[in-house]
Amino acid sequence: MNDCIFCQILAGTIPSHKIYEDKDVIAFLDISQTTIGHTLVIPKQHVRDLFDLEEKLAGHTFAVATQLAKKIVPLVGATGVNIVNNNHAVAGQAVFHFHVHIVPRFDAHTDGYHATWANNMATTSAETLANLATQLRR
Ligand code: AMP
Ligand code: ZN
């Protein structure tokens, strides 16, 4: 996986500010620092995205993200945090080695992080929702 930038960070051939490591996972500061303390948690195993990630490793990666968020947020003086995971280019994934973003939040409008959520309640019928839920419960 020589062409994977996160595998290169793992191997130490690309420098990073590593903040956590155990046998399965590492975390390091995101180079973009969208907000101060922006961190990435990755499995050591090269897994492309959520669809290839085994559930136990997913659980551990998110557990580490949870622990680190609780440490980072008070340390940088943030008042909230977004935990973000992008899968596939359509969802904004740019590095194709699974990762969880920890983005400390300071201001809902001006701190540099933006996510917008449309409300399509008016154009989604009750029948559509009921059918979808039925299929998903199967
Ligand atoms: P995503 O869009 O979810 O795939 O996010 C990829 C993230 O990787 C971006 O936030 C980048 O800033 C970050 N990134 C890319 N290269 C590096 C690097 N060498 N060190 C730390 N973070 C990086
Ligand atoms: Zn990789």
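**View 1. The pocket of ligand 1.** In this predicted model, the space taken by ligand 1 is the largest pocket, a pocket being an open set of points on a 1 Å grid over the protein atoms alone, with protein on both sides within 12 Å along at least five of seven lines. Two elements, α1 (5–11) and β2 (25–29), each give two or more residues to the shell around ligand 1, and α1 gives the largest share, 3 residues; helices (H or I, at least four residues) and strands (E, at least two) are DSSP runs.

**View 2. Polar contacts of ligand 1.** Polar side-chain atoms of H99 and of H101 each lie 2.8 Å from an oxygen atom of ligand 1, while a polar backbone atom of I31 is 3.1 Å from a nitrogen atom of the ligand. The protein covers 83% of the 510 Å² of accessible area that ligand 1 has on its own (Shrake-Rupley method, 1.4 Å probe).

**View 3. The side chain of Q93.** Q93 is placed in the loop between β4 (80–84) and β5 (100–105) and is buried, with a relative accessible area of 4% (buried means under 20%, with a 1.4 Å probe and protein chains only). Its side chain reaches the backbone nitrogen of H88 at 2.7 Å and the backbone oxygen of R48 at 3.0 Å.

**Notes.** Residues are numbered from 1 along each chain as its sequence is written, and ligands are numbered from 1 in the order in which they are written. Local features need pLDDT of at least 70, side-chain atom pairs count only at pLDDT 80 or more, and side-chain values use heavy atoms, with hydrogens and water left out.

Note on methods:
Polar contact = N/O pair within 3.5 Å; in protein donor to acceptor, adjacent residues only side chain to side chain. 1 Å grid on protein atoms, 1.4 Å probe; cavity = no way out; pocket = protein on both sides within 12 Å on 5 of 7 lines; lining within 4 Å. Sits in = over half its atoms within 2 Å of the grid points. Buried < 20%, exposed > 50% of the residue type's maximum accessible area, 1.4 Å probe, protein only.
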